[in-house]
Amino acid sequence: MNKSNQRKFRRLIRLINWYPPYLFSGIKVVDYADDFSSFKTKLKITWYNRNLMGTAFGGSLYSMCDPFFMFIIITQLSDEYIVWDKTASIEFVKPGKGTVYAEFKLSPEQISDIKEAVDRDGKGVFEFPCEVKDGNGNIIAKLQKGVYVRRKDLVKPKA
């Protein structure tokens, strides 16, 4: 990632905690690697993000995990690639109470594998598991995120 894009992305990450869907859901990015290869989010359960049972609203649990694998891939690949969230599934394991956390990390080897596959095949959808845990490490929800990656030079120009 060039320095200009790195500055823009660093600013985006600083501002994401003020993004209304995150701000009003109680979601915060609490940590990230300097090279954007990992992120950690938290969701503090409050009166405005509880469901009827008094536990974490499922949409908030999903939202705290939504864009981060896509962010990691965008920052780790060059501008020659298009990256989009493609699929997602969530399994609610236990009621979320108190504060819950999620971590997202891709290794340099995983990024290299994605790049090799896309360079070979032109595009691909890559699946990544994620877990939302409470402060004691108990699993609250399990997610599976699918991220679409395509080489820009394979996109047909509009007529």
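This is a predicted model: local features need pLDDT of at least 70, side-chain atom pairs count only at pLDDT 80 or more; totals for chains, interfaces and linings use all residues.

Visitor: What makes Asn 5 and Tyr 81 part of the story of the largest pocket?

Guide: A lining residue has an atom within 4 Å of a pocket point. The largest pocket has 11 such residues, and Asn 5 and Tyr 81 are among those nearest its centre, along with Ile 74, Ser 78 and Asp 79. The space in this pocket comes to about 210 Å³.

Visitor: Which elements give two or more residues to that lining?

Guide: They are α1 (3-16) and β3 (81-92). With 3 residues, β3 gives the most.

Visitor: How do you know how many lining residues of the largest pocket are nonpolar?

Guide: Each residue is sorted by type: Ile and Tyr, for example, count as nonpolar, and Asp as charged. Sorted that way, the lining holds 7 nonpolar, 2 polar and 2 charged residues.

Visitor: Now the second largest pocket, please. Why are 5 of its lining residues called charged?

Guide: Because Asp, Glu and Lys count as charged, Lys 40, Glu 103, Glu 131, Lys 133 and Asp 134 in this lining fall in that class. Tyr 101, Ala 102 and Cys 130 also line the pocket, and their types count as nonpolar. So the lining divides into 3 nonpolar, no polar and 5 charged residues.

Visitor: Which element gives the most to this second lining, and how much space lies inside?

Guide: That element is β5, with 4 residues; β4 (99-105) also supplies at least two. About 160 Å³ of space lies in this pocket.

Terms used: Residues are numbered from 1 along each chain as its sequence is written. Side-chain values use heavy atoms; hydrogens and water are left out. On a 1 Å grid over the protein atoms alone, a cavity is a set of points where a 1.4 Å probe fits but cannot get out, and a pocket is an open set with protein on both sides within 12 Å along at least five of seven lines; lining residues have an atom within 4 Å of a point. Grid points are joined across faces, edges and corners, and a volume is the space filled by probe spheres set on the points.
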